[in-house]
Amino acid sequence: MDETGLSAREKEVARLVLVGKTYREIGETIFISPRTAEHHIARIRRRLGVDTRAEMLTRLRALLGE
């Protein structure tokens, strides 16, 4: 983890979320199951301390510079 508080894999998933990928599309892109993608996103939300997807996207844009 770095200053974002996210692991390398979580940042990889976060970047895919930011471009609008679904759980299934994320899974196909980085060779994980859609359920695993869902778990990564839930963990990202917890680490960022946000409740909604909109809040998560706002925080990720700020953190990752997207």
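## Salt bridges

Glu10, Arg43 and Arg47 are joined in a network of salt bridges, a salt bridge being a side-chain nitrogen of Lys or Arg within 4 Å of a carboxyl oxygen of Asp or Glu. The structure, a predicted model, holds five salt bridges. Local features need pLDDT of at least 70 and side-chain atom pairs count only at pLDDT 80 or more, while totals for chains, interfaces and linings use all residues. Residues are numbered from 1 along each chain as its sequence is written, and side-chain values use heavy atoms, with hydrogens and water left out.

In H1, Glu12 and Arg9 sit three residues apart, about one turn of the helix, and their side chains meet in a salt bridge (2.9 Å, N to O). Glu12 is partly exposed, with a relative accessible area of 32%, and Arg9 is partly exposed at 31%; buried means under 20% relative accessible area, exposed over 50%, and partly exposed in between (1.4 Å probe, protein chains only). In H2, Glu28 and Arg24 are four residues apart, about one helical turn, and the closest N and O atoms of their salt bridge are 3.6 Å apart. Both are exposed, Glu28 at 52% and Arg24 at 59%. H3 holds Arg35 and Glu38, three residues apart, whose salt bridge has its closest N and O atoms 3.3 Å apart.

## The nonpolar core

The largest nonpolar core has 18 residues. Such a core is a set of buried Ala, Val, Leu, Ile, Met, Phe, Trp, Tyr and Cys residues joined through side-chain atoms within 4.5 Å. Helices H1 (8-18), H2 (23-30), H3 (34-48) and H4 (53-64) each give two or more residues to this core, and H1 gives the most, with five. Helices (H or I, at least four residues) are DSSP runs, numbered from the N terminus.

Val13 is among the residues with the most contacts inside the core. Leaving aside neighbours within four places in sequence, Val13 is in contact with Ile26, Ile30, Ala37, His40, Ile41 and Ile44, contact meaning heavy atoms within 4.5 Å.

## How H3 meets H4

The axes of H3 and H4 come within 10 Å and cross at roughly 75°, the axes being lines fitted to C-alpha atoms over the stretch in contact, with angles running from 0 to 180 degrees between N-to-C directions. The two helices are therefore roughly perpendicular, a label for angles of 65 to 115 degrees.

From H3, Ile41, Ile44, Arg45 and Leu48 meet Arg53, Met56, Arg59, Leu60 and Leu63 in H4. The residues of this contact divide into six nonpolar, no polar and three charged; Ala, Val, Leu, Ile, Met, Phe, Trp, Tyr, Cys and Pro count as nonpolar, Asp, Glu, Lys and Arg as charged, and the others, Gly among them, as polar.

Terms used. Parallel < 35°, antiparallel > 145°, perpendicular 65-115°, else oblique.
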